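Reader: I have a few questions about how the terms are applied here. Please set each value against its cut-off.

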Amino acid sequence: MDYEFYYSRDSGNFSLQLPSEQDAIARFLLDEFVLDQAGYHLLLRELHALGQHSSWQYQGRNWSLFVEDGDVLVCHHSLLELEHEPLPDKLAGSELTLDEDNLQAECGLVDLIKLVEQWQVFVAGQQAKLNGAYR
């Protein structure tokens, strides 16, 4: 999985860029954990504890992460809610569709672990620079 990390000195915002088909993973990490190092540690601990044939899920405020046999699915809660609710009668034959781009993505467990570890190192390094640890 290709990714790049960014920090904007002007806005003070961190961002990570993934290929467009995996953008939901970046949004999941930023929306659910922001810069919470303790949250990333807990996530990594859970992910590292999984075996190749394990299943596990994380339910966040807006996103869910599902792991099954080494495969990861990140999905926004709006998609999960739509699976259980029928469309209103007025919409049921229309050509309206939900734009699912950026609302779900898949990757391998090993790739996700590597991404989260690298992201955590990047964020910690930038925060250390901001706090004057590097001169």
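Reader: What is L29 in contact with, leaving aside its neighbours within four places in sequence?
Author: In this predicted model, L29 is in contact with L16, V34, Y40, L43, L115 and V116. Contact here requires heavy atoms within 4.5 Å.

Reader: Which residues touch the most other members of the largest nonpolar core?
Author: That core has 30 residues, and I25, L29, L47 and L112 touch the most other members. Elements that each supply at least two of its residues include β2 (14–17), α1 (23–33) and β6 (104–108). Helix α4 gives the most, with eight residues.

Reader: What makes F14 and W119 an aromatic pair, and why is it called edge-to-face?
Author: Ring centres must lie within 6.5 Å to pair, and these two are 6.3 Å apart, centre to centre. Planes over 60 degrees apart count as edge-to-face; the angle here is 85°, so the pair is edge-to-face. The pair links distant parts of the chain, with F14 in strand β2 and W119 in helix α4, 105 residues apart.

Reader: How do you know whether F14 is buried or exposed?
Author: Buried means under 20% relative accessible area. F14 has 12% relative accessibility, so F14 counts as buried.

Reader: What about W119, buried or exposed?
Author: W119 has a relative accessible area of 0%, which is under 20%, and therefore W119 is buried.

Reader: Which aromatic cluster are F14 and W119 part of?
Author: Y3, F5, Y7, F14, W119 and F122 form one aromatic cluster. The structure holds 11 aromatic pairs.

Conventions
Residues are numbered from 1 along each chain as its sequence is written. This is a predicted model: local features need pLDDT of at least 70, side-chain atom pairs count only at pLDDT 80 or more; totals for chains, interfaces and linings use all residues. Side-chain values use heavy atoms; hydrogens and water are left out. A nonpolar core is a set of buried Ala, Val, Leu, Ile, Met, Phe, Trp, Tyr and Cys residues joined through side-chain atoms within 4.5 Å. Buried means under 20% relative accessible area, exposed over 50%, partly exposed in between (1.4 Å probe, protein chains only). Helices (H or I, at least four residues) and strands (E, at least two) are DSSP runs, numbered from the N terminus. Rings of Phe, Tyr and Trp (its six-membered ring) pair if their centres lie within 6.5 Å; planes under 30 degrees apart count as stacked, over 60 as edge-to-face and the rest as tilted.
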